[in-house]
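Work through the exercises below with the sequence and the 3D structure open. Try each task before reading its solution.

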Amino acid sequence: MIQQVLFVLIAGASLGYAVLQFLKIRRNIKLGKDEPIAGDTAERWRNVLLIALGQKKMFTRMIPAVLHLFIYVAFVLTQVELLEIFVDGISGQHRVFWPILGGFYTFVISFIEILSVLALVATIAFLARRNVLRVARFHQPEMKGWPFKDANYILFLEVALIFFIFLMNSADMARHNDEYGFVVSQFLSPIWSGTGDGLLHVLERIGWWGHILVVFAFLNYLPFSKHLHIILAFPNTFYARLAPRGEMENMPEIMNEVKNMLGLPVENAGAEVNMDNLEFGANDVFSLSWKNVLDAYSCTECGRCTSVCPANLTGKKLSPRKIVMDIRDRAEEIGKKLDTKDTQYAKDKAQPLSAANFEDGKSLFDYISREEIHACTTCNACVEACPVLINPLEPILKLRRYEILSLSEGPSEWLPMFNSMENNGAVWAMSVEREAWKNEL
Amino acid sequence: MNVFTMAEMAAEGREPEILFWVGCAGSFDARAQKVTKAFCQILDTVGMSFAILGNEEMCTGDPARRAGNEFVFQMLALQNVQTLNGYNIKKIVTACPHCFNTLKNEYPALGGNYEVVHHSQLLQELINTGRVKMQEGGTFKGKKITYHDSCYLGRVNGVYEAPRSVLASLDAQLVEMKRCKTNGLCCGAGGAQMFKEDEPGEKRINLERAEEALATGAGIIAANCPFCLTMMQDGVKAKDKQDEVMVYDLAELIVDSMVKI
Ligand code: SF4
Ligand code: SF4
């Protein structure tokens with residue numbers, strides 16, 4: 001009875017706290033600008049199925065893909081066992097599905113056990129890749145400190161989860177004369193031969209409680225971790241942009257302004273827009289789209305984008321992964337400041353602090369340097385590489401737009417190019433006619 | 001050979017089968033002009049009726065847009081759309097993947113809707129339908145050629161096979177670089193990098209790519225983009241290999257090996 005009460009209390013508290021954290025993330029994502037979701041829903045579901053559920057993009061690198069798949073499938077299937085733990089925990093029963101399912105129960109748990117072993121192998125391999133082999137893409141500047149620890153913590157939690165599962169199952173088997181017949185634990189239960197029933201029961205309870213407590217810890221750890229991708233990969237692939245990759249988002253205000261200048265008819269010319277006060281492009285989370293922020297929260301920090309970025313490969317400061325991580329960090333910073341309700345962060349100090357009334361004197365440019373955004377060749381290698389369909393290029397281009405259009409700054413060498421484009425209609429200022437070449441034919 | 005402008009054609013009441021969009025590089029850059037001329041020669045040989053905009057053509061605006069300057073982009077793009085629509089243009093071919101991408105993917109939002117093909121796609125079609133006939137034992141037969149995917153034709157627009165099938169018609173030996181197709185490495189020119197100095201780093205991107213191309217042992221590097229052409233050429237030169245390894249556009253390779261009546 002005490003165990004039941006304790007379970008309900010702990011489950012309630014940890015679920016409640018997790019919900020609060022997830023709502024905050026939702027709020028932070030919605031700090032970004034509204035962006036209509038255009039395009040075919042069927043194609044969106046196809047993306048979710050192939051890319052998120054089917055892990056399609058992972059398989060461009062075979063070894064990590066297979067290892068990751070072990071952990072992923074084990075994780076998904078363990079939810080069946082988790083369901084039982086919940087029912088048992090609340091009702092105070094023991095292995096409630098066993099009498100109902102019989103042989104099939106043995107099959108399901110055995111299946112989970114096999115996957116758990118594979119997941120353990122994968123986890124150890126991943127720990128080795130990060131800490132012993134030191135695979136380069138996990139040790140770039142943006143991975144120093146928390147991101148590096150974060151990845152390791154998660155892997156340790158995995159080991160703990162698996163350890164507790166086998167402690168629980170093997171001790172339980174030993175107590176019940178191996179009647180469950182679990183395929184892996186049957187080899188482990190002999191370890192406990194000669195152990196008294198009382199102690200076995202304690203061991204089984206430690207396994208049971210250990211497992212579920214790690215699950216609760218994991219759930220509350222997710223909002224602070226790159227492991228949020230296990231949830232957000234799904235909405236993120238669903239909402240991924242379907243427009244042609246080469247199409248930069250049109251800017252209708254500027255298009256209409258230029259149409260006016262050229263004396264062209266302007267369609268749906270609604271209210272006159274005052275161009276002087278408009279800000280173009282993005283300098284902060286508020287001027288990115290919510291999808292850009294969702295991207296940032298979905299990032300697995302795997303570095304596949306950076307490992308194929310031509311700028312990064314040749315020693316430039318740009319790293320698409322860092323851009324994405326910076327956006328998340330900035331969104332978190334704004335979220336935390338909003339939570340303080342402190343009007344020192346308000347634009348209008350007389351009004352309560354809110355997303356619309358926020359000004360902390362900082363922007364994304366405090367995280368991302370000009371040098372970084374200037375180095376991008378817009379090659380789309382990062383976009384192609386991302387296993388969860390994040391687009392690191394889009395925010396880079398929005399920052400460039402802000403720099404040029406709102407600040408009138410940017411690399412000085414671009415000025416002559418802009419000038420000759422405007423004045424001569426060509427990227428270079430040329431003294432000959434555009435069609436001069438044809439006289440040489 | 002006579003290349004007509006749309007203005008000349010319209011004056012005679014003629015309509016070409018296709019508009020050849022030459023682009024800034026193809027019009028002004030000495031190296032890219034050779035590609036322009038080679039491509040015109042091919043079209044002329046197969047008797048395809050085509051025209052250019054000539055002096056009425058302007059930069060598509062791609063480098064301005066990617067640099068962040070939407071004003072300049074719109075200025076040029078809207079005028080181009082005006083001109084193209086004024087001539088009732090339906091089909092466009094271009095030898096520049098940046099022009100190709102902008103015309104195809106970005107002009108529709110500005111009211112310009114055309115069927116746009118890259119010259120590698122048109123060349124593939126001309127070869128497949130037998131309009132372009134290759135010489136027996138052409139110049140490149142058996143030679144080792146490596147093909148550099150431009151970002152804007154490959155990864156951005158998903159065209160990987162057309163240029164390779166064009167190269168296959170040369171009867172040459174196509175060797176792929178380590179990074180190719182979806183994984184192809186940029187030459188370093190895109191996103192208006194062509195028009196500014198590199199940001200501080202260890203190495204220029206075109207050098208990295210040229211080294212990879214040279215590692216294949218191919219004597220010819222084939223490209224499909226005027227900017228890649230320059231970048232790869234510079235990279236090869238930096239490695240002092242310009243006498244052994246040539247950088248060519250697909251059109252130049254074809255014009256050299258096709259049957260000219
Ligand atoms: S698009 Fe820009 S950031 Fe992305 S890989 Fe290419 S150069 Fe790097
Ligand atoms: S953006 Fe995508 S590819 Fe880059 S680190 Fe994040 S998840 Fe990996």
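**Exercise 1.** What area is buried between domain 1 of chain B and domain 2 of chain B, and what percentage of it do carbon and sulfur atoms give?

Solution. The model is a predicted one.
- Step 1: locate the parts. The domain assignment puts domain 1 of chain B at 6–122 and domain 2 of chain B at 133–256.
- Step 2: count the residues in contact. Domain 1 of chain B contributes 25 residues and domain 2 of chain B contributes 28 residues.
- Step 3: read off the area. About 2,000 Å² is buried between the two domains, and carbon and sulfur atoms give 71% of that area.

**Exercise 2.** Find which three residues supply 27% of the area that domain 1 of chain B buries against domain 2 of chain B, then look for a salt bridge across the interface.

Solution.
- Step 1: the three residues are R31(B), H98(B) and S120(B), which supply more than any other three residues.
- Step 2: the rule finds one salt bridge across this interface.
- Step 3: apply the cut-off. A side-chain nitrogen of Lys or Arg must lie within 4 Å of a carboxyl oxygen of Asp or Glu. The side chains of R31(B) and E252(B) meet in a salt bridge, at 2.9 Å from N to O.

**Exercise 3.** Describe the chain over residues 107–129 and 150–168 of chain A, two of the stretches that UniProt (unreviewed entry) lists as "transmembrane region".

Solution.
- Step 1: residues 107–129 of chain A are 100% helix and 0% strand, with end C-alpha atoms 33 Å apart.
- Step 2: residues 150–168 of chain A are also 100% helix and 0% strand, and their end C-alpha atoms are 27 Å apart.

Notes: Residues numbered from 1 in each chain as written. Chains lettered and ligands numbered in written order. Predicted model: local features only at pLDDT ≥ 70, side-chain atom pairs only at ≥ 80, totals over all residues. Heavy atoms only, no water. UniProt positions renumbered as here; feature names shortened; annotations may be inferred. Helix = DSSP H or I, 4+ residues; strand = E, 2+ residues; numbered from the N terminus. Domains from an automatic or database assignment. Contact = heavy atoms within 4.5 Å. Buried area = accessible area lost by both parts, 1.4 Å probe.
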